[in-house]
2 protein chains.
Amino acid sequence: MEYDVYIQTCPTRLVLDRLADKWAVLVLGKLDEQPVRFNQLKREIDGISQKVLSQVLKKLERDGLVSRSVYATVPVTVEYAITPLGRTLTSTVAALTRWAEDNIEAVLEAQQKYDRSA
Amino acid sequence: MEYDVYIQTCPTRLVLDRLADKWAVLVLGKLDEQPVRFNQLKREIDGISQKVLSQVLKKLERDGLVSRSVYATVPVTVEYAITPLGRTLTSTVAALTRWAEDNIEAVLEAQQKYDRSA
DNA sequence: CAATATGGTTTCATTTTGATACTAAGGAGC
DNA sequence: GCTCCTTAGTATCAAAATGAAACCATATTG
């Protein structure tokens, strides 16, 4: 197989575009812990809008990374969970958020140095 | 320090937003192999525009992940290279592209299944 | 009878992105 | 000496994505 993300028309490019997204990373990170309902996700991912959360979940579901279950309660309950395929990805996206948290101070320092010299 | 990417105003959120980006991932992946010049990057990252490449490189440089060296040749040579800080990140972003290449078929299958049932 | 909760969709203004053209400086070919 | 090519970008403008807010149906609570 000749898949290569560096070729624009390669389908892997579309997948990378989906995953290399701030909101997708945060959603997958939350679902990795446990299944979560729509509004709970919205509350836990500070700053995400309903529209974007809805769109991200729909795309992740379409890609087979997330499953959606509806329960006929009142009001309706919709629970999102990670799939086995999605589970193979979570350690990678978790590494991204961990890197950000571990190296934020070095990054901020570099930014200040850059801004002073400019 | 209480850094948490799930808080909107946390500086780590800005870093995640920078890294969780298709173009940044592809640029870092190329620079991980060796220093590369501007137009060579543009040629190797199929589909990137000059403007976006320029912006991404500038931000990565500001964050201390990439260094920029200018040589007074004719025409001028500008070489971009990964920094030690950037080097601590490349294995993570490489894992992202590798996941995309390894799991693309499962994703495409999930998409077809989803589209058929809709 | 109004307020709150569920999980969304719709609308519209603002941002971001991408495609294209343009810059300047020098070398190569004719 | 004229034209084209290369370098590494910036400027411009249309198109697409995003974000904030309002709206929807349903049903329970106060």
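**Where the protein meets its DNA strands**

Modeller: In this predicted model, a side-chain N or O atom of B:Ser54 lies 3.0 Å from a phosphate oxygen of DNA strand D.

Colleague: Why is the pair between B:Ser54 and DNA strand D called a polar contact?

Modeller: The cut-off is 3.5 Å for a pair of N or O atoms. B:Ser54 sits at 3.0 Å, so the pair counts.

Colleague: What makes B:Lys58 a polar contact of DNA strand D?

Modeller: Its side chain puts an N or O atom 3.3 Å from a phosphate oxygen. That is within 3.5 Å, so it counts too. B:Asn39 uses a backbone N or O atom instead, 3.0 Å from a phosphate oxygen of DNA strand D.

Colleague: Which elements give two or more residues to the surface near DNA strand D?

Modeller: From chain B, α3 (38-44), α4 and β3 (77-82); from chain A, α4. The largest share, 4 residues, is from α4(B).

Colleague: How do you know that A:Gln50 makes a polar contact with a base of DNA strand C?

Modeller: A polar side-chain atom of A:Gln50 is 2.9 Å from a base nitrogen. The limit is 3.5 Å, so the pair qualifies.

Notes:
Residues numbered from 1 in each chain as written. Chains lettered and ligands numbered in written order. Predicted model: local features only at pLDDT ≥ 70, side-chain atom pairs only at ≥ 80, totals over all residues. Heavy atoms only, no water. Polar contact = N/O pair within 3.5 Å; in protein donor to acceptor, adjacent residues only side chain to side chain.
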